[in-house]
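Good morning, and thank you for coming. Please look at the structure on the screen while I speak.

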Amino acid sequence: MLDENAVAKAHAVYTPFTLSIYDVLVHGLSNRFAWRCPTRRLIALYRDNLSSHHLEAGVGTGFLLDRAGTARLSRLVLLDANRNCLDRAGRRLARFKPELHQVNLLAPLTPDLAPVNSVGLTYVLHCLPGRMSEKLKAIDHLRPLMSKGATLFGATILGRGIAPNRAASALLDLYNAKGVFNNREDDMAALSDGLRQRFDEVAIAEEGCVALFRAT
Ligand SMILES: C[S@@+](CC[C@H](N)C(=O)[O-])C[C@H]1O[C@@H](n2cnc3c(N)ncnc32)[C@H](O)[C@@H]1O
């Protein structure tokens, strides 16, 4: 059963203040010094996989789309459980005229949306509560919004089977204690198996503590 309290804890941390420091903290410092996955690798993942009709699930500040989006992005749908994230990312990405929808990815999605050709899901799975099989329900909820042959891509910070440095260990302890992360049991095998059960083609790579994936 869905633990509403755990779902809320995983996104309630994103206030206007925390979002104002998010890019520096996550994409500036943590990716480099803790997770050891350079932000340029994430931006490259977006540049390589963004289609003209894109849906982003779990938008944060909209940083990656801002860096990677090009004029060929003609339709952009942003989904998030947190209104502050939608508002901030919506303003930042206003040039793409985004459609904003406040939704919980762990519950069936109700918005009646035309299917897209690509879906981004970055740094969301490690936030979601539950085992990997429960987290991946988010993907099951997104699949009806993907056209045939559409690509799902993104990244997630793993909690098991990695070699975290001191900074990464401290952040994993802190964020899991606060319920902002729920990734103690997340490993490459569970992610890879879950994606392969759902998609024909799966590419998955590990960089530092991060799994980067692409599935069609
Ligand atoms: C760590 S941030 C990642 C933001 C962005 N993708 C990035 O890489 O910078 C996680 C995002 O997922 C959203 N989120 C967390 N749990 C969610 C849920 N159950 N449903 C929808 N969005 C959720 C948060 O509000 C936040 O915007």
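Which element gives the largest share of the lining of the largest pocket? The answer is α2, with six residues; helices (H or I, at least four residues) and strands (E, at least two) are DSSP runs, numbered from the N terminus.

This is a predicted model, in which local features need pLDDT of at least 70, side-chain atom pairs count only at pLDDT 80 or more, and totals for chains, interfaces and linings use all residues. Residues are numbered from 1 along each chain as its sequence is written, and side-chain values use heavy atoms, with hydrogens and water left out.

Let us turn to the ligand. Around the ligand there are 21 residues, and the closest include His27 and Thr122; a residue counts as near if one of its heavy atoms lies within 4 Å. By class, this shell holds 13 nonpolar, seven polar and one charged. Here Ala, Val, Leu, Ile, Met, Phe, Trp, Tyr, Cys and Pro count as nonpolar, Asp, Glu, Lys and Arg as charged, and the others, Gly among them, as polar.

Next come the polar contacts, that is, pairs of N or O atoms within 3.5 Å. The side chain of Tyr22 has an N or O atom 2.9 Å from an oxygen atom of the ligand. For the side chain of His27, the distance from such an atom to a ligand oxygen atom is 2.8 Å. At Thr122, a backbone N or O atom lies 2.8 Å from a nitrogen atom of the ligand. The elements that give two or more residues to the ligand shell are α1 (4-12) and α2 (16-34).

Definitions and conventions. Polar contact = N/O pair within 3.5 Å; in protein donor to acceptor, adjacent residues only side chain to side chain.
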